[in-house]
Amino acid sequence: MLATQTAGEPDPAEGAFHRSLDWHDDVVELRQLEYFVAVAEELHFGRAAANLSVGQPAVSQQVARLERELGAQLFDRSARTVRLTAAGTLFLPEARAVLAAAERARRVARDGVRQASQTLRLGSSAGMGNRLTSVLQSLSELLPSTTTELVRAPTRARLERVASGQLDAAFVRGVTSAPGVELIEVWQDRLLVVLPTSYGIGQRDTVRLSDLADLPLRIVPRQKNAPLFDLVMDACSRAGFAPVLGGHVGSLDDLIAAVGSGRPSWTVIYEPQAQTRHHPLVQFVPTEPVLMMPTALAVPETATSREVAPLLRACDAAESGDHAT
C-alpha cells in the first residue's frame with residue numbers, strides 16, 4: 001500500500017503519471033482535487049492548508065482555479081463560514097473517486113516493479129499522546145522497510161479515506177460502525193477533568209462530577225466531536241445535572257490556559273494527552289464515576305489479517321506500555 005503524493009511538482013521517478021485530467025477543453029489537476037477535498041472535509045481553508053502542509057493562499061488559488069475550469073461555484077464563502085454549494089456536494093464524491101482511482105493506478109504500476117521500501121498511510125487522532133509514539137516505534141521494529149506516514153483529518157474524513165483506499169488505516173474514537181471499513185477496538189482512554197489548581201478537592205484523588213454542577217463546562221461543540229460531547233453530557237445527566245456550557249477557545253493549550261485563569265470552569269482531556277502536558281495553573285483529576293472513551297483502528301473491510309496484524313501488534317504494545325507506566 002503506497003501513499004498518494006501530495007501537492008507540488010510530479011516526482012521525476014513518476015514521469016509516466018500525468019497529474020492532470022482532461023475535462024472538456026480545460027485541464028483539472030489532481031492537486032486541485034486534493035485541495036478541494038481537503039477544504040470540503042474541514043470547511044475551513046486555513047485548517048485544510050495546515051493538513052496539506054501548504055500555504056493558505058495556494059489552497060485558495062487552486063480551488064478558485066478549479067471552480068473557473070469547471071464553470072461552477074463549489075463553495076459558498078462568507079466572512080465567517082465556508083459551506084459546500086449544491087454543486088460542491090455533488091462534486092465531492094466524484095473528486096474522492098478520482099483521487100482513489102489515481103492512487104490505485106500508482107499502486108498497480110509500482111507493484112509491477114516492487115521496491116524494498118513501502119509506505120503505510122495512517123490516519124491519526126488528536127490526544128493520543130505517547131501512545132502514538134509507541135505505535136510508531138513498534139511499527140518501525142515490526143516493519144523495518146516500511147515508512148509510516150501520518151495523516152490528520154476529521155473523523156468522518158479519515159473513515160471515508162480508509163474506505164476509498166486513500167488511507168491504509170486510521171485511529172478513531174467513539175465510532176461503532178462506518179460503511180466500507182472494519183472497526184477493531186484497540187484500547188480505551190480515560191478522561192480526566194481539567195480544573196484550576198485553586199479548586200480544592202480535599203484529600204481525595206478524584207472529583208465527583210456532581211461537584212462540578214455549578215462550574216461552566218468548556219467543551220468542543222457537538223458538531224465537531226459528537227462522541228466526546230455526548231459521553232460527557234450523558235455522564236453529567238446521570239450525575240443529576242445539565243452543565244452550563246462556557247466558551248470553548250481555540251487549541252487545547254488555549255483551553256487549558258483559559259481554565260487555569262479567570263473565572264473557575266472545567267473541561268476534559270484524554271489521560272495520554274495530559275501525560276504530555278505540565279501546566280502550573282491547572283490540575284488533571286480522574287472523575288467519579290470513571291469516564292472512558294474507546295479507540296478503534298479502522299481498516300478497509302477488504303483488508304487481510306496479514307495486513308492488519310502488524311498494526312494490531314503495535315497497538316497491543318502501546319497499550320501494554322501504558323499499563324506498565
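I take helices (H or I, at least four residues) and strands (E, at least two) as DSSP runs, numbered from the N terminus. By that rule I place Ser53 in the loop between H2 and helix H3 (56-70).

The model is predicted, so I kept its thresholds in view: local features need pLDDT of at least 70, side-chain atom pairs count only at pLDDT 80 or more, and totals for chains, interfaces and linings use all residues. Residues are numbered from 1 along each chain as its sequence is written, and side-chain values use heavy atoms, with hydrogens and water left out.

**Entry 1**

I looked up Ser53 first. Its phi is near 60°, a positive value in a residue other than glycine. At 66% relative accessibility Ser53 counts as exposed (buried is under 20% relative accessible area, exposed over 50%, partly exposed in between; 1.4 Å probe, protein chains only). I then turned to Leu43, in the loop between H1 and H2. Leu43 is not a glycine either, yet has a positive phi of about 50°. It counts as partly exposed, at 38% relative accessibility. I noted both because most residues other than glycine have a negative phi.

**Entry 2: H1 against H2**

I checked how helix H1 (residues 30-42) packs on helix H2 (residues 45-52): the angle is about 125° and the axes are 8 Å apart. Axes here are lines fitted to C-alpha atoms, for helices over the stretch in contact, and angles run from 0 to 180 degrees between N-to-C directions. H1 is therefore oblique to H2 (under 35 degrees is roughly parallel, over 145 roughly antiparallel, 65 to 115 roughly perpendicular, the rest oblique).

I listed the contact residues, contact meaning heavy atoms within 4.5 Å. H1 contributes Tyr35, Ala38, Val39 and Glu42, and H2 contributes Phe45, Arg47, Ala48, Asn51 and Leu52.

**Entry 3: Glu42 and Arg47**

I followed Glu42, in helix H1. At 14% relative accessibility it counts as buried. Leaving aside neighbours within four places in sequence, I find Glu42 in contact with Arg47, Ala48, Asn51, Ala153 and Pro154. Arg47 lies in helix H2 and is partly exposed, with a relative accessible area of 35%. I also looked up the C-alpha separation of Arg47 and Ala153: 9.3 Å, for residues 106 apart along the chain.

**Entry 4: aromatic rings**

I found 4 aromatic pairs in the structure. Rings of Phe, Tyr and Trp (its six-membered ring) pair if their centres lie within 6.5 Å; planes under 30 degrees apart count as stacked, over 60 as edge-to-face and the rest as tilted. Phe36 and Phe75 have ring centres 5.4 Å apart and planes at 50°, so I log the pair as tilted. Phe36 lies in helix H1 and Phe75 in strand S3 (residues 75-77), so this pair ties together parts 39 residues apart in sequence.

Phe45 and Phe75 form an edge-to-face pair, 5.9 Å centre to centre with 65° between the planes. Phe45 is in helix H2 and Phe75 in strand S3, 30 residues apart, so I record a link between distant parts of the chain. Phe45 is buried at a relative accessible area of 9%, and Phe75 is buried at 0%. I recorded one aromatic cluster formed by Phe36, Phe45, Phe75 and Phe91.

**Entry 5: a cis bond**

I checked the peptide bond joining Glu288 and Pro289: it is cis, with omega about 5°. Pro289 is in strand S11 (residues 282-300). I noted the bond because most peptide bonds are trans.
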